[in-house]
Amino acid sequence: MKLLVTGGAGYIGSVVTRLLLDAGHEVVVLDDLRTGHREALAPEATWVDAPIHDAARVLTPGAGFDGVLHFAALIAAGESMVRPELYWDTNTVGSLALIDAVRAAGVPRMVFSSTAAVYGNPVELPIPETAVKAPTNTYGATKLAVDMALTSEAFGHGLAAVSLRYFNVAGAYLRGDLAIGERHDPETHLIPIALDVASGRREKLQLFGDDYPTVDGTCVRDYIHVEDLARAHLLALTTAAPGRHRIYNLGNGAGFTNRQVVDVVREITGRPLPVEVAPRREGDPAELVASSALAREELGWVPEKPTLHDMVGDAWAFYRTHVLERP
Ligand SMILES: NC(=O)c1ccc[n+]([C@@H]2O[C@H](COP(=O)([O-])OP(=O)(O)OC[C@H]3O[C@@H](n4cnc5c(N)ncnc54)[C@H](O)[C@@H]3O)[C@@H](O)[C@H]2O)c1
């Protein structure tokens, strides 16, 4: 297939691009590098340096694209509360422009990066796709709006659409000398922050709350290896059907507490990891765990790297070679 990957210079988009190229697809990456990294761009893919608002420049009717995988977005939930206009414009207005371009160019299928943040505080665990959607931050709301636009697009114009709602993505893609991993700035994700602390680049790790009703009092989150996540995109591309919008949660269905993550980071790095317990953060649910039963059933998706040791081990291998050993 000829595929457009938006956000292909980012963490997840660059791993999916790699898997698509490995599978023999032709890939064009649309990314203006606002948060991505030039080195993460696959040399075999064609790179277009443009915002998704200008997607029609690439998705022309004669260009012959078979599908779009849409990762480009701003992803920091905290920032989305203080700069909401930026999130609505980038994530929602930009995505609507992309959907317009998809329609005008007659592109048959689209896979969208949605998020667990659309659910807000869960009323049932593990969380199924049918759970109440009540985002507690602007980021989640901007993503839910795009999910809804895709439902309309499939119904009104026959698009084959798939939304994949990721829980916490972790780990790295490693093959020989090639390593693709996570580098957000500022970093808000627990595992890369813990690696920063273990390697001495940050002083200590803050655990927000240790009095939640969980096994050790810290929050439980569902982690998914980026390579398992990436494989789900290839499955979604082949199962997408015209006029249908399918939505799948992607997680392991088993959560890990923040303390369990810290312990595994200590074990894998072999380094001390100073921790400070801080007050709970507003709006942080005690437990967020996905039901991925639908993805398993309909996509035939099975996670191959479900353990924290898989994820932290691969993240550390990337971190050592691409973060610590580089300026
Ligand atoms: N990382 C996670 O744990 C996680 C969890 C749930 C959902 N997601 C979703 O997955 C997707 C990818 O996340 P990531 O962690 O790879 O983020 P990332 O910041 O590493 O990558 C995003 C990429 O999109 C590009 N981009 C952003 N806005 C753009 C725009 N308007 N025009 C062109 N390019 C633009 C950036 O330059 C960057 O390369 C996002 O849509 C995010 O909401 C991520």
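1. Let me begin with the helix pair α3 (84–105) and α4 (138–157). Their axes come within 9 Å and cross at roughly 15°. Helices here are DSSP runs of H or I with at least four residues, strands are E runs of at least two, and both are numbered from the N terminus. The axes are lines fitted to C-alpha atoms, for helices over the stretch in contact, and angles between N-to-C directions run from 0 to 180 degrees. α3 and α4 are therefore roughly parallel (under 35 degrees; over 145 is roughly antiparallel, 65 to 115 roughly perpendicular, and the rest oblique). The crossing of α3 over α4 is right-handed, meaning that the near helix is turned clockwise from the far one by less than a right angle, with anticlockwise being left-handed.

2. A word on the basis of all this: the model is predicted, with local features needing pLDDT of at least 70 and side-chain atom pairs counting only at pLDDT 80 or more, while totals for chains, interfaces and linings use all residues. Residues are numbered from 1 along each chain as its sequence is written.

3. Which residues make the contact between α3 and α4? From α3 they include Y87, W88, L96 and I99, and from α4 they include Y139, V146, A149 and H157; contact means C-beta atoms, placed from the backbone, within 7 Å. By class, this contact has 9 nonpolar, 6 polar and 3 charged residues. Nonpolar covers Ala, Val, Leu, Ile, Met, Phe, Trp, Tyr, Cys and Pro; charged covers Asp, Glu, Lys and Arg; the others, Gly among them, are polar.

4. Helix α5 (residues 190–198) packs on helix α9 (residues 308–324) at about 55°, with the axes 10 Å apart, which makes α5 oblique to α9. The contact joins I191, P192 and L195 of α5 to M311, V312, A315, W316 and Y319 of α9. Its residues are 8 nonpolar, with no polar and no charged ones. α5 passes α9 in a right-handed crossing.

5. Now the domains, whose bounds come from an automatic or database assignment. Domain 1 takes in 2–167 + 225–250, and domain 2 takes in 173–222 + 253–324.

6. What surrounds the ligand? Of the 27 residues around the ligand, G7, G10, G36, A72 and A73 come nearest (a residue counts as near if its C-beta atom, placed from the backbone, lies within 6 Å). Elements giving two or more residues to this shell are α1 (11–22), α3, β5 (109–115) and β7 (168–170). The largest share, 3 residues, comes from α1. The shell has 13 nonpolar, 11 polar and 3 charged residues.

7. Finally, some backbone details to check. Most residues other than glycine have a negative phi, and most peptide bonds are trans. The L125 to P126 bond is cis, with omega near -10°, and P126 lies in the loop between β5 and α4. D185 and P186 are also joined by a cis bond, with omega about 0°. L33 has a positive phi, near 60°.

Note on methods. Two residues are in contact if their C-beta atoms, placed from the backbone, lie within 7 Å.
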